[in-house]
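Subject: Structure for your attention

Dear colleague,

Please find the structure below, together with its sequence.

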Amino acid sequence: MTQDLYKKAEQFVIDSFTKLGKTSQIKHFERTVFWIKQLKADADEALLISAIAHDIERAFRKQDVKDKKHSHSYADPEFFRPHEERGAEIMANFLKKEGAEHKLIDRVKMLISKHEEGGNDDQNLLKDADSISFFENNVPTFLTKHVSEVGKEKVKEKFDWMFNRITSEKAKQIARQWYEEAIKKLE
Ligand SMILES: [Fe+2]
Ligand SMILES: [Fe+2]
C-alpha cells in the first residue's frame, strides 16, 4: 500500500510531463529521489513523493509564472513562491483523490511548499537533493536554452543561488565540482 502511493505519484509526474513532450525533465526528478536517499537512508514516503513531484507545477504552469521567468530573477520569491505553492496544492489534490491519509498529505504539502527556500530539516533536505540533482542533470539546458531566453547573467545568478542555498556540508561537497564546472562553461 505504502509503496503504491509513491509509484502512483511517480506515474502521475511522468504522465504529466510526457503529455507536454517534456520527458527530458524526468531525469532531474528521479535523481532528486536518488539523492534524498543518499542524504537520508531512512527517508519516509512523504519525502520520496515530494522529491519525485517537487517541480510538478512546471507541468501545469500558468501564464503569470511563465511571464515572471523573464521579468524576475530565478531567485526572486515572487517567481518561486507560486511554483512552490501551486506544486504543493497539485500534489495535495492528487493524493486526496488517491485516498491518502491526511498526515501524509499535509507533510507532502509542507515539503513541496518550501522546496526552493528550505526551512526545517526535511525542507532543507529536499532543497539540497534538488540542488545536487540540478547540477548533475540540468546544467546543459541552462547553458543553451535558458542562456538564449534570459541571458548569461541570470543563468549565473541561478547557478550561484542553487549552490549557495545548500544547507548540509555533505550535499555541498557532492555538488561543488558540478557547480564549478557549470560556472566555467558559462564564461
Ligand atoms: Fe522547483
Ligand atoms: Fe527541481
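I begin with one side of helix 5, on which E78, N93, K96 and K97 are exposed.

Two remarks on provenance are needed. This is a predicted model, in which local features need pLDDT of at least 70 and side-chain atom pairs count only at pLDDT 80 or more, while totals for chains, interfaces and linings use all residues. Residues are numbered from 1 along each chain as its sequence is written, and chains are lettered from A and ligands numbered from 1 in the order in which they are written.

Helix 5 and its surroundings

Helix 5 covers residues 77-97, 21 residues in total, and reaches 30 Å from its first C-alpha to its last, close to the 30 Å expected at 1.5 Å a residue. The expected span is 1.5 Å times one less than the number of residues. Its buried residues are F80, H83, E84, G87, A88, M91, F94 and L95. Seen down the axis of helix 5, these buried residues fall within an arc of 130°, so they line one face of the helix; the arc is that of the directions from the helix axis to the C-beta atoms. An α-helix has 3.6 residues a turn, so residues three or four places apart point the same way. After helix 5 comes G99, whose phi is positive, near 80°.

F80 lies in helix 5 and counts as buried because it has 20 C-beta neighbours inside 10 Å. F80 and Q123 are 43 residues apart in sequence, and their C-alpha atoms are 15 Å apart in space.

What does E116 touch, leaving out residues up to four places away in sequence? The residues concerned are F80, H83, E84 and K127, where contact requires C-beta atoms, placed from the backbone, within 7 Å. E116 sits in the loop between helix 6 (102-112) and helix 7, and it is buried, with 25 other C-beta atoms within 10 Å. From E116 to E84 the C-alpha distance is 7.1 Å, at a sequence separation of 32 residues.

The chain as a whole

The secondary structure of the protein chain comes to 10 helices and zero strands. The radius of gyration is 16 Å, close to the 16 Å that the globule rule gives for 187 residues, so the chain is as compact as a globular protein of that length. That radius is taken over C-alpha atoms, and the rule is 2.2 Å times the number of residues to the power 0.38. Along its principal axes the C-alpha trace spans about 50 × 35 × 25 Å. Of the 187 residues, 35% are buried. Among contacts with a separation of 6 or more, 71% are between residues 24 or more positions apart.

Helix 7 (residues 121-137) has 17 residues and reaches 24 Å from first C-alpha to last, close to the 24 Å expected at 1.5 Å a residue.

The largest nonpolar core has 43 residues, of which I36 and I52 touch the most other members. Such a core is a set of buried Ala, Val, Leu, Ile, Met, Phe, Trp, Tyr and Cys residues joined through C-beta atoms within 7 Å. Beyond four places in sequence, I36 touches A43, L47, L48, A51, L125, L126 and A129.

In helix 2, the buried residues include F29, T32, V33, W35 and I36. They fall within an arc of 170° seen down the axis of helix 2, so they line one face of the helix.

Y6 is placed in helix 1 (residues 2-19) and is partly exposed, with 17 C-beta neighbours inside 10 Å. Leaving aside neighbours within four places in sequence, Y6 is in contact with E45, L48 and I49. The C-alpha atoms of Y6 and I49 are separated by 5.5 Å, although the two are 43 residues apart along the chain. E45 is found in helix 3 (residues 45-53) and is partly exposed, with 17 other C-beta atoms within 10 Å.

Yours sincerely

Technical notes. Helices (H or I, at least four residues) and strands (E, at least two) are DSSP runs, numbered from the N terminus. A residue is buried if 20 or more other C-beta atoms lie within 10 Å of its own, exposed if 12 or fewer, and partly exposed in between; C-beta atoms are placed from the backbone. Two residues are in contact if their C-beta atoms, placed from the backbone, lie within 7 Å.
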